[in-house]
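Try each task before you read its solution.

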Amino acid sequence: MPHTSALLNVIDVEATCWDGQPPPGSVSEIIEIGLTVVDVSARRRISRHRLLVRPVRSAVSAFCTELTGLTQAEVERGVAFAEACRILVEEHQAPERPWASWGAYDRRQFARQSQADGVAYPFGYPTERTHTNAKAVFSAAYGLSRKPGMAHALQIAGLPLEGRHHRGEDDAWNIAALVLDLLGRGAWPTTATAG
C-alpha cells in the first residue's frame, strides 16, 4: 500500500434536495458519500467506495430521486451521519489525507452538517491545507473564465463520463479522472488550495 501522504481522497456527496424550497422543518442532509482513492505518485485511481447515509431532518423528494436515483427506502438502510464520519476517519484516514471535491459545496456541507449534528468534522484542519477545490484548479489550468460543472469538464478534457451523473460514487470516480488529467498536465497543486 502506498504511503498515506501519496494518497488523495476524492469525495462527492449527494444530499436531500427539492425543486424549490425545502418543506417546513427540513434541511439538506448528506445521503450518499462517494469516495475514490487516488495514488498521486502512481497517478491512478486505486479504489472506490460508497456510503449511504440515513437522513434525520429531511426525506428524499421525488425531485431528488429523479436527480440522483436514490430513494427514501434505500437511504433508510444507510448509516447515521456520525457513523459515516467515523468510517471516513478510521477506514479512509480522512484527518491525515488531503482531499478534493468538485467545488466547495461538499466541504461546506460537511462543515454545516457536522456542526448541526454535533459530530467532529472528519477532515484535517486547517481546511485550507487539506482540501483542494478541483473545479477551481481545472478552470485555472484550462484558462476558463467560468468554472464548468463536472460533466462539462470531462467533455473539455476529452474524458468519458462513467456511470450516472449525480450519483456520489460515480461522480467521485469521474472527478478523480479529472484530478489525474490535471496531474498529467502538471497543474495539480502539491499543497491543497482553499475553496
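**Exercise 1. Find the partner of Arg 48 in a salt bridge, and give the distance.**

Step 1. Arg 48 pairs with Asp 170; their closest N and O atoms are 2.6 Å apart. A salt bridge here is a side-chain nitrogen of Lys or Arg within 4 Å of a carboxyl oxygen of Asp or Glu.

Step 2. Arg 48 sits in strand β3 (residues 44–52), and Asp 170 in helix α8 (residues 168–184). The pair links distant parts of the chain, 122 residues apart. Helices (H or I, at least four residues) and strands (E, at least two) are DSSP runs, numbered from the N terminus.

Step 3. Check accessibility. Buried means under 20% relative accessible area, exposed over 50%, and partly exposed in between (1.4 Å probe, protein chains only). Arg 48 has 32%, so Arg 48 is partly exposed. Asp 170 has 13%, so Asp 170 is buried.

A note on the model: it is predicted, residues are numbered from 1 along each chain as its sequence is written, and local features need pLDDT of at least 70. Side-chain atom pairs count only at pLDDT 80 or more, while totals for chains, interfaces and linings use all residues; side-chain values use heavy atoms, leaving out hydrogens and water.

**Exercise 2. Decide which parts of the chain the salt bridge of Arg 57 and Asp 117 ties together.**

Step 1. The N-to-O distance of this salt bridge is 2.8 Å.

Step 2. Arg 57 belongs to the loop between β3 and α1 (62–68), and Asp 117 to helix α4 (residues 105–117), so the bridge ties together parts 60 residues apart in sequence.

Step 3. Arg 57 is partly exposed at 30%. Asp 117 is also partly exposed, at 26%.

**Exercise 3. Locate Glu 83 and Arg 86, which meet in a salt bridge.**

Step 1. Their side chains come to 2.7 Å, N to O.

Step 2. Both residues lie in helix α3 (residues 81–92). They are three residues apart, about one turn of the helix.

Step 3. Glu 83 is partly exposed at 30%, and Arg 86 is partly exposed at 31%.

**Exercise 4. Is Asn 9 buried or exposed?**

Step 1. Find Asn 9 in strand β1 (residues 7–15).

Step 2. Its relative accessibility is 1%, so Asn 9 is buried.

Step 3. List some neighbours. Beyond four places in sequence, Asn 9 is in contact (heavy atoms within 4.5 Å) with residues including Leu 35, Val 37, His 92 and Trp 99.
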